[in-house]
Amino acid sequence: MINFEEELKKFHPSLEIEDAEEIIYNQDLDDIGDVVVKLLKDAKVESGKADR
Amino acid sequence: MRCYKCGATLVSGNDKCPSCGTNVKIYKRIMALSNRYYNEGLEKASVRNMTGSIESLRQSLKFNKNNIDARNLLGLVYYETGEVVAALSEWVISKNLRAEDNIADGYMDMIKNDPSTLDTFNQTIKKYNISLNYCHQDSQDLAIIQLKKVLSMNPGFIRAHLLLSLLYLNNGNYAKARVEAQKALNLDTGSVMARRYIHEAESMLNPNEIAKSEPKPEKKQQPKNGDVIRYQSGNEMIIQPVRSGVIGGSFSVWAIVVGIILGIAASCFLILPARIQSINSSNQKKIVAISEESDAKSAQINEYTEEVESLQAQVEELEGQLNQAEGTDSQTAAMNSLMTAVAAYLNDASDTESVATALEQIDIQLIQDGAISSEFTTLYNSLMTLVGASLATQYYDTGYEAYKSEDYETAITNLARAYSYDNTNVNALYYLGNAYYDSGDTDTAMQIFDQVITEFPDTQSAEGAEVKLAEINNASN
């Protein structure tokens, strides 16, 4: 049996044209490649500290 | 594929960048995963599994944000599900990541060039959000009305179908809920929510009701009488006018010709009479105005005519008065002259010259017309009895001498006076006629000769006058 209230929570307001600019600017565009590069950089920094 | 560090083109089969020597093994793996998800998304989209396609394409973009194809396809899938703003967002980002040679340009141009469609989409989104608000405010009837409007404007809006289905389920209208969920499922075959709603609705319906609520295939009916086409679209009956080829074949040509003839006839029988009537009415008004003006002028002319007649009468009256005054003056002058003549005779009876001079001033015509008093006439006649014969002789002699010497003017004056003082002197009258004749006044001469013949017949002068008249008549013929 479907719970109407619970089911209704799954519906969100649709994006309107006026909101488009804000959505585009606030979109998180980082991908896994960025994350991996950052991890590698951090790992290098950590290893450099350990060597000292 | 390019190196994430230096941007150099990577070579397949080599895990190190040929330019900077960076190990790109993991990077290549990540790119491969992105492409794999893109391929999945593409396959799902091709079978209208929109939900699955969106999930795969998002995964693809999580691995590689620069996967332009995946981003453009994601935008297209969003657009197909009715999420226009989300679609535009993906295409704008795509355009920013790759400015040249990007198919997103075409998609955005398509929307820009059709602002009415974009406006319609925006209206549907706003109405959908209003419906959602109604749902939260427990105004489900209003929400259903709004959602029906939304779907009439944009039947591809999957979330609206699903929300409407949910509302029908909540209202206990399972058949309609099933239909709406089925429509959503047709648009998005991977929609788990739609399947769940269908399952829920079917669990509440008996098999007969399920069969009835089954959406019938859209089948066009053949027009029975050639004017409309009726067909079922979902649970809606569509009635559409038949688009028959109006222009085609000889019938159409005849129809056009008949139409033109009817048009001309209509203009002749309907428009032209009205136009003629309008012109006639206008002319009638002008005629009335001119008639009124003419009547006014006629009245004025009559007035002037009456005035002229009145003035003419005045003129005549004044002329009468003037003539009367002149007559009085001539009578007075005649009286004065007569008295002068009488005085001269009484002074010296032999001074005929003075008497004659005074008598010459008297207008004989006044006496002949009787326009003077009888006393004057009596006195005049008495004086003439005393001096008339001698005056007549004197004037005759002078006149005759003048006639002889061809002084016709003097001759006419004296001979005329001689005859006036003595009207028995036929010679005076005869020579007077000759004087007129010789002076060239033949008309007067003829009158004088006629008078001679009439008053003194059987005289030599009368014979001479007849001869002269014959000469004049011969000369004129």
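Modeller: Gladly, and let's begin with Cys135(B), which has a relative accessible area of 3%. Buried means under 20%, exposed over 50% and partly exposed in between, using a 1.4 Å probe and protein chains only, so Cys135(B) is buried. Please keep in mind that this is a predicted model, where local features need pLDDT of at least 70, side-chain atom pairs count only at pLDDT 80 or more, and totals for chains, interfaces and linings use all residues, while side-chain values use heavy atoms, without hydrogens and water. Residues are numbered from 1 along each chain as its sequence is written, with chains lettered from A and ligands numbered from 1 in the order in which they are written.

Colleague: What makes Lys65(B) and Asp34(A) a salt bridge?

Modeller: The term needs a side-chain nitrogen of Lys or Arg within 4 Å of a carboxyl oxygen of Asp or Glu. Here the closest N and O atoms are 3.1 Å apart, and the pair qualifies. Lys65(B) lies in the loop between α2 and α3 (68-81) of chain B and Asp34(A) in helix α3 (residues 32-51) of chain A, so two chains are joined by this pair. Helices are DSSP runs (H or I, at least four residues), strands are E runs of at least two, and both are numbered from the N terminus. Lys65(B), at 22%, is partly exposed, and Asp34(A), at 28%, is partly exposed too.

Colleague: Which residues are linked in a network with Arg196(B)?

Modeller: Glu7(A) and Lys10(A) join Arg196(B) in a network of salt bridges. The side chains of Glu7(A) and Lys10(A) meet at 3.5 Å, N to O. Glu7(A) is buried at 4%, whereas Lys10(A) is partly exposed at 43%.

Colleague: How do you know how much area chain B and chain A bury between them?

Modeller: Buried area is the accessible area (1.4 Å probe) that two parts lose on being put together, summed over both. For chain B and chain A that comes to about 3,000 Å², with carbon and sulfur atoms giving 66%. Lys65(B), Val85(B) and Leu166(B) supply 17% of the area that chain B buries against chain A, more than any other three residues. By contact (heavy atoms within 4.5 Å), 40 residues of chain B meet 27 residues of chain A.

Colleague: What pairing do you find in helix α9 of chain B, where Glu180(B) and Lys183(B) lie?

Modeller: Glu180(B) and Lys183(B) meet in a salt bridge at 3.7 Å, N to O. Both lie in helix α9 (residues 174-187), 3 residues apart, about one turn of the helix. Glu180(B) is buried at 7%, and Lys183(B) is partly exposed at 25%.
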